[in-house]
Amino acid sequence: MAPSLRAQADEVTWARQAESEAGRLLADGHPEQALALLSERTGEHTGTVALTLLRLRALGALGRTDEARPLIEPALDRASQESAAAFVEIALIGARLEEDAGRFGASQDLLAEARPASARQDRTALLSVDTALLRLYRRTGTADAPDARALREDVLARVAEWRTRDLERHPTLVRDLAAEIGDALPHLVPLAARLNGVDLDSGTGRVLGDRLSTADIADFTRHTGPVAPPAEQDAPSVRLGAELPSVNTVARGDLVSEYLLSGADRQTSWRDALVEAYRHEVDQPDHGGPSASGGRPAFTRDAVVVVPGFLGSELLDTDTSSLVWGQAPGEQLEAWHHRDHPALRFTGSDRDGTGRLRAARLLRGPVWAPYFGGVEPYTPLLETVRSRVVHPDAVLEFAYDWRQPAARNTALLARAAQRHLTAWRESLRRAGQGGPGSAQPPRLVFVAHALGGLLARAALAHTPGLAADTRVLLTLGTPFEGSVAVAAMLGDRRPRSRAARRMRRAVLTMPGVYDMLPALPCVERGGGAPERLTPADLADFGADAELGTAALEFQRAVRSAPAVLPAHRGVAGIGQPTPQSLRIGHGEAEPLYSALRTRTNGELLRLADGTPVRWDRGGDGLVPRDAAAPGGSTATLCHVTARHGSLTSHPVALRYVAAVLTEQPGRPVTPESVGAAVPRTAETTAGGVPGGTAPGGPIGLVAAGSDGLGLAVPDAVTTGEPWSLRITGAAGLSGVGCTVTDVTTGRPVLAPGLRPDGHGLSGTVTLPWSGLYRIAVSLDGGPPVTELTVAAAR
């Protein structure tokens with residue numbers, strides 16, 4: 001019907017025509033036009049289940065989740081009376097919106113509502129809901145939970161009964177199943193490739209290029225076509241693109257499917273790579289294509305530099321060509337048994353730049369160290385960044401020797417970033433995308449974890465032209481104002497384990513550690529306001545005053561640099577017990593897990609009886625919340641409930657990284673849009689008088705916030721002996737789950753029983769054998785808080 005005739009139609013006719021036309025527009029890939037049509041009229045007749053469902057589809061395709069979410073509950077109420085099929089689809093849309101916003105508990109609730117209705121509808125609807133649940137379990141790191149494993153086994157059994165011709169009617173469902181259970185049902189992967197094609201220009205192509213080796217692609221060549229085998233020196237993405245140059249997406253899918261069914265030598269590598277690619281597709285859907293109107297572009301043309309934190313780069317011994325940091329868990333434990341860990345021997349030759357160790361790449365497996373706990377691999381962060389650039393060559397991994405002084409690593413980073421940007425611009429120019437008349441030339445984006453953020457900020461402050469060439473500095477858990485925990489480690493005269501003694505002995509000589517010393521007033525002495533840490537304090541508790549002086553002077557120079565810095569976006573971990581102040585005495589530094597509250601003029605805030613007010617601002621276990629933003633202004637930070645070493649794999653943090661990479665000028669991404677937590681501040685003052693703030697009571701404008709769960713575990717434990725873990729932030733046992741997993745095997749070894757202890761929850765754990773273990777706690781199906789610990793015999 002023509003728009004002019006539709007405008008004259010009565011309500012019933014208009015609704016019928018709008019439903020038909022909007023459905024066609026959505027099928028043809030025009031969600032903007034469909035939404036405009038559905039918005040032509042208002043009133044009760046526009047709120048039918050069918051029209052609301054179309055509106056939700058359009059808003060979802062455009063990425064306008066804030067407009068779509070309020071429609072879900074009313075639509076579900078109405079659909080529950082009219083249509084089970086519509087109820088299930090609306091619940092699935094709503095669950096996906098909540099999932100993409102990081103509200104995993106709400107997403108799981110909607111899927112739980114949809115499951116009974118889908119079971120009454122047909123087996124396809126039930127399988128769609130259960131596949132979405134499996135994806136949610138995987139994305140939140142709870143796939144090993146008993147409920148998740150039981151659901152997976154049930155889905156495997158049901159899918160095994162489906163005939164191929166029945167599956168062929170549901171291409172998207174087959175792709176989703178391949179992502180979640182393709183590792184267990186291999187026949188789903190070639191079927192998904194045949195039904196959906198293989199698009200090398202999308203994230204699928206980037207994942208395949210990253211996962212497939214020269215030998216994998218050469219084997220594919222031998223089985224599927226006459227194209228010459230790729231050159232050994234070509235990058236995987238280049239080789240893959242050259243392999244299938246003249247066929248479309250559907251034909252590529254047919255070739256890949258044929259190869260996977262041929263019994264070829266490398267088909268397992270291809271199948272695994274495709275499962276990863278399908279997981280990428282289902283985890284990060286593109287709303288409306290690469291340049292969806294009204295939303296963010298799907299990709300950025302900028303050059304991205306990923307900078308890891310302290311302990312975050314693999315270290316290679318150039319004499320033996322073997323890793324001494326970043327090894328497999330078993331080799332790590334063996335290294336800690338040495339008198340001095342090979343990676344931690346910082347000598348005079350290291351100091352002058354002629355040492356044997358060099359940085360190889362960012363961590364690809366978890367590592368553990370006393371005081372610092374676990375550092376998870378950077379693979380999820382790298383995958384997220386690569387999923388949002390136009391080509392993998394736009395991403396630079398900057399690995400560095402984290403033992404060295406920040407001044408040296410800063411200079412290396414600045415030179416590497418400038419070379420990378422120049423090479424990337426030249427690459428686009430050769431491809432015809434960067435010449436005269438093209439869009440604004442690409443700029444730099446730094447994505448930096450922890451100490452890496454300090455290096456990036458220093459490089460921007462001290463390198464002429466670098467800040468002007470940079471669009472944004474995105475940091476995760478960077479101690480801009482330093483880490484009290486680092487000072488406490490240097491001042492720990494009585495380490496609790498042999499590994500801790502070795503670690504402290506080593507870090508006392510490492511300039512890179514001193515670069516993380518706290519800059520905020522944090523030393524409590526004599527009952528007055530907190531003071532800044534001084535080189536004399538360092539000498540008092542046995543640290544190197546000369547290294548401390550150099551580090552503190554470098555910090556001051558960076559903060560006072562006159563350069564105009566680019567925009568900053570930051571992620572900060574919250575909810576974890578975190579040292580926030582120090583008490584120095586008798587040659588030791590004692591960490592305090594709260595801080596004196598001061599006024600803007602530096603004076604102490606006191607209760608009416610003169611008692612100084614203390615508060616717990618929390619943090620990620622290593623970096624206090626107030627230290628994670630330049631100048632201590634945390635209002636714009638994206639807060640997530642996570643420990644320091646796992647920030648780079650937290651789903652909400654990764655979603656924020658992806659959103660910042662593709663944000664448009666003048667439209668910065670808000671933390672709320674990705675499901676960030678709202679931090680909560682609690683007073684911990686002892687004593688007080690009537691009218692004062694109750695100890696432990698929330699204060700401030702964010703009193704209604706929640707830090708989520710906090711987790712505290714020992715650095716190291718003894719096999720066969722019980723030890724305790726503590727969980728904070730839980731009102732009771734309801735909805736709280738806890739598992740202990742063997743990192744080497746990936747298998748859960750136990751689920752500790754938890755009990756209230758007056759301050760939260762606690763549990764007793766006994767580990768029977770030596771190894772590296774991951775402890776994970778979660779609340780209501782949300783992303784788990786994790787930490788690593790080592791178990792060893794006495």
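Modeller: Before we start, here is how I class residues: Ala, Val, Leu, Ile, Met, Phe, Trp, Tyr, Cys and Pro count as nonpolar, Asp, Glu, Lys and Arg as charged, and the others, Gly among them, as polar. Also, this is a predicted model.

Biologist: Thanks! With those classes, what does the lining of the second largest cavity look like?

Modeller: That lining has 8 nonpolar and 3 polar residues, and no charged ones.

Biologist: Which residues line the second largest cavity?

Modeller: They are Gly309, Phe310, Leu311, Phe372, Val375, Tyr378, His449, Ala450, Met516, Leu622 and His644.

Biologist: And what volume does the second largest cavity have?

Modeller: About 90 Å³.

Biologist: How many cavities of 30 Å³ or more are there?

Modeller: The count comes to 3. The largest cavity holds about 160 Å³ of space.

Biologist: Which residues lie nearest the centre of the largest cavity?

Modeller: Of the 15 residues that line the largest cavity, Leu454, Asp515, Phe554, Gln555 and Val558 lie nearest its centre.

Biologist: Which helices each supply at least two residues of that lining?

Modeller: Those are α21 (406-430), α22 (451-462) and α27 (545-559).

Biologist: How do the residues lining the largest cavity divide by class?

Modeller: They divide into 10 nonpolar, 2 polar and 3 charged residues. So charged residues do turn up in this lining, while the second largest cavity has none.

Biologist: Changing topic: what is the order of the strands in the open sheet?

Modeller: The order is β3-β2-β4, 3 strands with antiparallel pairing. β3 (322-325) and β4 (357-362) are the edge strands, and each pairs on one side only. From one strand to the next, the twist averages 45°.

Biologist: Over how many bridges do β2 and β4 pair?

Modeller: Strand β2 (residues 313-317) pairs with β4 over 4 bridges, in the antiparallel sense. If you want a spot to look at, Ser313 stands opposite Leu362 in β4.

Biologist: Nice. One last thing, helix α17: is it mostly covered or mostly uncovered?

Modeller: Mostly covered, as 12 of the 17 residues in α17 are buried. Among them are Trp270, Leu274, Val275, Tyr278 and Val282. Arg271, Arg279 and Asp283 are also on the list of buried residues.

Biologist: What should the 17 residues of α17 span, and how far apart are its end C-alpha atoms?

Modeller: At 1.5 Å a residue, α17 (residues 267-283) should span 24 Å. Its end C-alpha atoms are 24 Å apart, so the two values agree.

Definitions and conventions: Residues numbered from 1 in each chain as written. Predicted model: local features only at pLDDT ≥ 70, side-chain atom pairs only at ≥ 80, totals over all residues. Heavy atoms only, no water. 1 Å grid on protein atoms, 1.4 Å probe; cavity = no way out; pocket = protein on both sides within 12 Å on 5 of 7 lines; lining within 4 Å. Points joined across faces, edges and corners; volume = space filled by probe spheres on them. Pairing = 2+ DSSP bridges. Axes fitted to C-alpha atoms, helices over the stretch in contact; angles between N-to-C directions. Expected span 1.5 Å × (residues − 1). Buried < 20%, exposed > 50% of the residue type's maximum accessible area, 1.4 Å probe, protein only.
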